[in-house]
Amino acid sequence: MKYDTVKFKKQPKIIGSYSIVGPKEGQGNFREYFDYIMKNDFFGEKTFEKAERKMIETAITGAIQKAKLKVSDINILVAGDLLNQIISSSYAARAFDFPYLGVYGACSTMAESIAVASTLVDGGYFENIVCCTASHFSTAERQYRFPLELGNQRPPASQWTVTGAGSCVISQKGAGPRVTMATFGKVVDWGIVDVNNMGAAMAPAAMDTLLAHFENTKTTPDDYDLIVTGDLGKLGSEILIDLMEDKGIKLGLNYSDCGQMFFRRNQNTLCGGSGCGCCATVFNSYIMKKLQDGQYKRVLFLPTGALLSTTASQQGESVPGVCHAIVVEAYEM
Amino acid sequence: MEMFLDYLWVFLIGGLVCMIGQILIITTNITSARILVTFVIVGVFLEAIGVFDYISAFAGAGINVPIIGFGASLAKGTIGAVKSQGLLGIFTGGLTATAGGIAAAIIFAFIFALIFRSHTKK
Amino acid sequence: MKKNEERIKAYNKYVSAKVPKTKPWPTLFNSFWVGGVICLIGQGINDLILFLVPNISEQSAWAYTLIALIFIAAFLTGIGVYDKIGKFAGGGSIVPITGFSNSITSPSIEFKSEGIIYGICVKMFTIAGPVIVFGVISSALVGLIYYIIYLFI
C-alpha cells in the first residue's frame with residue numbers, strides 16, 4: 001500500500017506557540033486566547049505588506065520566548081504566507097540569523113510547515129525548528145480581489161481573510177503537545193471555477209486527505225477529541241460532512257472548522273474566516289491551550305489551501321486544493 | 001408641483017436603472033467593472049438608435065447620472081462629429097464629448113490618492 | 001478522463017445548489033433608493049447651476065454636474081465612506097457616474113504604496129479602463145455606421 005502518512009517515532013514536541021491578530025479578529029470568538037491583539041492593521045508600519053512582515057517577526061520572536069529558548073537555539077525557520085513569492089515570510093526571515101525554508105500551501109501552510117519541521121526534527125537532523133505563517137486581510141484583498149475602497153458587495157459564499165500570524169517551536173526535547181503523525185496531501189481539483197467559493201474548491205482535498213489518513217492509520221473519527229479543518233468556512237465544512245458521509249464516514253460533533261468558528265455572527269464575514277492566519281492563530285492559541293490543559297487528548301488538524309493565482313483563474317483555470325493533516329497529542333509525563 | 005413630479009421621475013428612473021444593475025449582480029455574480037462596461041454599451045446603443053433623448057427629456061439626471069449617460073454622450077459626440085467632420089469624427093468625437101468627465105475622474109483620483117491612504121474594512 | 005468530467009459536473013451541480021444566495025429584496029430595495037437619491041443629487045446640482053448661471057448651455061451644465069458628482073465620489077472614496085455605501089447599496093452606487101469615479105480613485109489610493117508612477121498612475125485604470133475602451137470602441141462603431149449612412153443620403 002502507498003503510504004502518505006508519517007508516524008513520528010520520537011514524537012517532536014511543540015514547546016512554544018504564539019499568536020498575533022488584527023483588531024477585528026481580536027473581537028472574534030477566540031479573543032481571550034490570542035497572545036497579542038494589534039490596535040490597528042498597520043501595526044505602526046507604512047504599508048500593509050510591511051505590517052504583515054512585522055507580524056511574522058513578532059510571532060517568531062514570541063514563540064521562541066514562550067519556548068524559553070534563545071534565538072541562537074533555533075536551527076531553522078519554516079515559514080510561508082499568501083503573498084506572491086511569499087515575501088512576508090522571506091523578508092521577515094532577514095531579521096533572523098538562522099536558515100530559512102520557504103513553504104507554500106496557501107491556507108494549509110501551518111500544517112505543512114509543522115509536518116515538514118516535525119519530519120526534520122524526528123529524523124534527528126535538527127533540534128529546534130520554528131514554524132510560522134501569516135495572512136493579512138488588506139494585502140490578500142489587493143492581491144486576489146479588489147482595492148479596499150472599491151464600493152462593491154461581497155458575494156454570499158465569500159470568506160474574510162484573517163489578519164493574523166501564528167508561530168510555534170518544534171523541538172526534540174522539552175515539554176509540550178506531541179506531533180505524532182502527519183499525512184501529506186495530494187492536490188485535488190474538482191473543477192470549481194468560482195474564486196469566491198473557496199470552501200467548495202477545497203472540501204474535496206480535505207476529504208481526500210482525511211480518507212487517506214483514516215485508512216493509513218486505521219483510525220476513525222471517534223479516535224480524536226477534535227477534528228479541525230482550517231478555513232473551509234460555513235459552506236465548505238458542510239460540503240465536507242456531506243462528502244465524507246457519501247464515503248461512509250460520519251463526522252460528528254468533534255468536527256469543526258477554524259474559519260467557521262473564528263468570527264462572531266454579527267461581524268459580517270458571510271461564510272467565515274479564511275487565510276493562513278485563520279487556522280494558524282487558532283491552532284497556536286486555542287487548540288494549544290486545550291492540549292496543554294489536557295481538555296483535548298488527540299487533535300487531528302487538517303487545514304486546506306486553495307492553490308489559485310489571479311493569472312491562472314483569469315485564464316479560466318479551476319481552483320485546485322490541497323490539504324495536509326497532522327495529529328497532535330497532549331503531553332504525557 | 002411640476003418640479004416635484006420632475007424630481008419623482010428622476011428618482012424612479014435613476015433607481016430603476018441602478019436596480020437593474022443590482023439584479024445583474026445577484027443573478028450573474030458579475031464584477032463592478034463588467035457592470036460599468038455593460039451599462040456604457042447600453043448607453044451607446046440607446047443613443048445610436050435615437051431613444052436616449054426621449055428618456056432624457058423626462059428622466060433628466062435619472063438617466064444622465066448613471067453611466068448610461070456617459071455612453072450616450074460618447075455616441076452623441078461621435079455622431080455629431082461624423083456629421084461635421086466626416087471620417088475623422090469617428091476618432092475624435094467620443095472622447096471630446098466626454099473629456100470633462102474623464103479628466104475630472106483622473107485629476108480628482110490623483111489628488112485624493114496623494115492625500116489619503118486606504119482604510120481597512122471593518 | 002470521462003469519469004473525471006462527470007464528477008466535475010456532478011460536484012459543480014451539487015455546490016451550486018448549496019451555495020447561499022443573496023436575499024434579493026433588501027439589496028434590490030437599497031440599490032433602488034440609493035441609486036435614485038444619487039440621481040436626485042445630480043438633478044439638484046444641475047438645477048442649481050442653471051439657476052445660478054442662467055446663460056449656460058444645457059450641455060455645459062450637465063458637464064459641470066457630472067464633474068461635481070465625480071468630485072464628491074472621489075472625496076468620499078478618499079475618506080473611506082464610499083465603500084461602505086457600496087457594501088450597502090451594491091448596484092445603487094456602482095451604476096451612477098459616482099461608481100465610475102470610485103473605480104478610478106480606489107485603485108489609485110490602494111496602490112499609492114508602490115509610488116506615484118508605478119502605483120497611482122499605472123493602476124489608476126485597472127478597473128475603469130475597460131469602461132473607456134469599450135465605450136470608445138462601441139461609439140466609434142456607431143460613428144462608422146452613421147458615416148456610411150451619411151454617405152448614401
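Which residue of chain C forms a salt bridge with A:Asp242, and how far apart are the closest N and O atoms? I began with this pair, keeping in mind that the model is predicted, and found that the partner is C:Lys18, with the closest N and O atoms 3.4 Å apart.

**Entry 1: chain A against chain C**

I then looked at the whole contact around that pair, to which chain A brings 27 residues and chain C brings 32 residues. The count of salt bridges between chain A and chain C came to 4, and I noted 11 residue pairs in polar contact, both residues at pLDDT 80 or more. On the side of chain A that touches chain C, the elements giving two or more residues are H4, helix H5 (198-217) and helix H6 (233-246) of chain A, and H6(A) gives the most, with 5 residues. When I sorted this side of chain A by class, I got 14 nonpolar, 8 polar and 5 charged residues.

For the area, I wrote down about 2400 Å² buried between chain A and chain C, with 59% of it from carbon and sulfur atoms. Within chain A, the residues that lose the most area to chain C are A:Arg142, A:Glu149 and A:Trp190, which together make up 29% of what that side buries.

**Entry 2: the two domains of chain A**

Next I turned to chain A itself, which is divided into domain 1 (5-171) and domain 2 (178-329). Their contact takes 57 residues from domain 1 of chain A and 58 residues from domain 2 of chain A, and the C-alpha centres of these domains lie 17 Å apart. I recorded about 4700 Å² buried between domain 1 of chain A and domain 2 of chain A, 64% of it on carbon and sulfur atoms.

How many salt bridges are there between domain 1 of chain A and domain 2 of chain A? I found 0 salt bridges there, whereas the rule finds 19 residue pairs in polar contact across this interface, both residues at pLDDT 80 or more. Several elements give two or more residues to the domain 1 side, including strand S2 (13-21), helix H3 (109-122) and strand S8 (164-171) of chain A. H3(A) gives the most to that side, with 8 residues, and the residues of the side divide into 27 nonpolar, 21 polar and 9 charged.

**Entry 3: chain C against chain B**

I went on to the contact between chain C and chain B, which takes 68 residues from chain C and 64 residues from chain B. The buried area here is about 5600 Å², of which carbon and sulfur atoms give 82%, and C:Phe32, C:Cys39 and C:Val95 supply 12% of the area that chain C buries against chain B, more than any other three residues. I counted 0 salt bridges between chain C and chain B, and 10 residue pairs in polar contact, both at pLDDT 80 or more.

Among the elements of chain C that each supply at least two residues to this side are helix H2 (24-52), helix H3 (58-78) and H8, and H2(C) gives the most, with 16 residues. By class, I noted 42 nonpolar, 21 polar and 5 charged residues on the side of chain C that touches chain B.

**Entry 4: C:Gly129**

Is C:Gly129 buried or exposed? I found this residue in helix H8 (residues 129-152) of chain C, and I call C:Gly129 buried because its relative accessible area is 16%, where buried means under 20%. I also checked C:Gly129 against C:Ser103, which is 26 residues apart from it in sequence and 9.4 Å apart in space, C-alpha to C-alpha.

Technical notes: Residues are numbered from 1 along each chain as its sequence is written. Chains are lettered from A and ligands numbered from 1 in the order in which they are written. This is a predicted model: local features need pLDDT of at least 70, side-chain atom pairs count only at pLDDT 80 or more; totals for chains, interfaces and linings use all residues. Side-chain values use heavy atoms; hydrogens and water are left out. Domain bounds come from an automatic or database domain assignment. Contact means heavy atoms within 4.5 Å. Buried area is the accessible area (1.4 Å probe) that two parts lose on being put together, summed over both. A salt bridge is a side-chain nitrogen of Lys or Arg within 4 Å of a carboxyl oxygen of Asp or Glu. A polar contact is a pair of N or O atoms within 3.5 Å; within protein, one must be able to donate a hydrogen and the other to accept it, and residues adjacent in sequence count only if both atoms are side-chain atoms. Helices (H or I, at least four residues) and strands (E, at least two) are DSSP runs, numbered from the N terminus. Ala, Val, Leu, Ile, Met, Phe, Trp, Tyr, Cys and Pro count as nonpolar, Asp, Glu, Lys and Arg as charged, and the others, Gly among them, as polar. Buried means under 20% relative accessible area, exposed over 50%, partly exposed in between (1.4 Å probe, protein chains only).
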